[in-house]
Amino acid sequence: MKLRTLALLIASSFAIAACAPQQQTAPKAEKSTEKSAPAADSKKSAEADKPASELPVVDAVMTHAPLAPPPIDRDHAARVKVKIEVAEKVMRMADGVEYKFWTFGGQVPGQMIRVREGDIVDVEFANRSDSTVPHNIDFHGATGPGGGAEASFTAPGHVSNFSFKALQPGLYIYHCATAPVGMHIANGMYGLILVEPKGGLPKVDKEFYVVQGDFYTKGKYGEQGLQPFDMEKAIKEQPDYVVFNGSVGSIAGDNALKAKVGETVRLFVGNGGPNLVSSFHVIGEIFDNVYVEGGDLINKNVQTTLVPAGGAAIVDFKIDVPGTYNLVDHSIFRTFNKGALGQLKAEGEENKEIFSGKLSDNIYQSEGGAIQTVPLSASEAAKVQAGAPKAGTKEERIAAGKTVYNANCMACHGAEGKGVEGAFPPLAGSDYLNEDPKRGIHAITKGLSGKITVNGKEYNSVMPAVALKDEDVANVLTYVLNSWGNKGGEITPADVAGSK
Ligand SMILES: [Cu+2]
């Protein structure tokens, strides 16, 4: 998806650039009027009010998350054409978990729209003929009944048009408001529209688009297969998933946002809900500016900002030191147990004065250094007994093992088994493991402590035993052995049983 949207974005930026010259027709006075107009008067500050019919017509630059459309480089109003097609679509919610999303434009969130205060937004709203129900759109950035909900109500196989004037600048949610409204939103029908103030926003180096949402599935978090919507959980406000940009991992790992040391980053953050308020936080960063609730009020030096359901915030920060910065909902079980984790990876020069990194690490054994077992809840223990589905082939074992790895090992050994120097040894290209893969069985089932050397580096730490079924131990080790430059091979449940 990334490449295609990028190409589209680039293509459409060029389209805008190409038609920019003939758009520069606004009176010269316009700019100065805008600058001196206090924000509160912005509704009235008439920029040489042309009749709407005489405004130049432009196509909106719309982007799929996590990309944001480029800043507007017009100094006058326009009629901006926004085309939205609703599609009901089965897509990935998490590894092995699918969900039938209802989408604006084929993805969750819907595409981000960027217009300028004073623009007329011409909306063309199409509902595909393979949709099962009617849909509509309520723009929080519009003034008028339902934000356009009635005006845009569209049966499958129909297309509606309406327009609104973007009177007030700000970052606004749009969402479907067809009954049952909660269900349409819960299925992913939301996105953001930015109405730039006439003078634009202060320039930054990178801008991204992130929308949180909560999802309610018949099966529990991680339960495999196509999961239907669960109305009862939605009413009780007990989501199984809380995610950024529509799925677990959508902006983490290989999909992480990227920036460089020294750059300023802006996140357009929305919260589609339907239920939860987000305590939005970036671990290891302090927001220099927060446009509180997406409006004009700027708060400075903020750690965590609330993003209401059906609301938004703009946050700016500068990257001072390299590293991986995790985007979370600091209602923190949502991050570690429901998927609300994004990442921004920053490369560049270290600055040891701002952040030293680990200076030393010695063993501190308050519990006598005994190996501990990661505790299991009663239901988890029951599941362990009941057993996971059996893998028939090595390929199935590798696929199942990946899920086991992500749930049980990644927290310490890291994505791609890279480990953490001085604390957690790498599993990627581990000579310790490749020399005798059965050492892995022992490490998982019995735990591991004392000095070991992995790829020439010494580790003297404690790995707790991980309570897994033999099948899962076999799967995860087979996955590890066939990943990240390891030597391949297969560990079977019989191997595990035999060497415990
Ligand atoms: Cu809908």
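Residues are called buried under 20% relative accessible area, exposed over 50% and partly exposed in between, with a 1.4 Å probe and protein chains only. The structure shown is a predicted model, in which local features need pLDDT of at least 70 and side-chain atom pairs count only at pLDDT 80 or more, while totals for chains, interfaces and linings use all residues. Residues are numbered from 1 along each chain as its sequence is written, and side-chain values use heavy atoms, with hydrogens and water left out.

**View A. Alanine 155 in a loop.** Alanine 155 is found in the loop between α3 (149-152) and β8 (158-165), where helices (H or I, at least four residues) and strands (E, at least two) are DSSP runs numbered from the N terminus. Its relative accessibility is 30%, so alanine 155 counts as partly exposed. Leaving aside residues up to four places away in sequence, alanine 155 touches Asn127 and Pro134, a contact being heavy atoms within 4.5 Å. Proline 134 lies 21 residues from alanine 155 along the chain, yet their C-alpha atoms are separated by 4.2 Å.

View B. The copper ion has as protein donors His135 (ND1), Cys176 (SG), His184 (ND1) and Met189 (SD), at 2.0 to 2.5 Å; donors are N, O and S atoms within 2.8 Å of the metal (3.2 Å for Na, K and Ca), and sites may look incomplete, as water is not among the atoms. Along the sequence, the donor residues follow the spacing H-x40-C-x7-H-x4-M.

**View C. Cysteine 176 and histidine 184.** Cysteine 176 sits in the loop between β9 and α4, whereas histidine 184 belongs to helix α4. Both residues are buried, with relative accessibility of 0% for cysteine 176 and 1% for histidine 184. Beyond four places in sequence, the residues touched by cysteine 176 include Phe104, Asn136 and Ile185, and those touched by histidine 184 include Trp102, Val133 and Pro134.

**View D. The largest nonpolar core.** This core has 31 residues, and those with the most contacts inside it are Leu171, Leu192, Phe215, Tyr241 and Phe268; a nonpolar core is a set of buried Ala, Val, Leu, Ile, Met, Phe, Trp, Tyr and Cys residues joined through side-chain atoms within 4.5 Å. Among the elements giving two or more residues to the core are β9 (170-175), α4 (181-186) and β10 (190-196).
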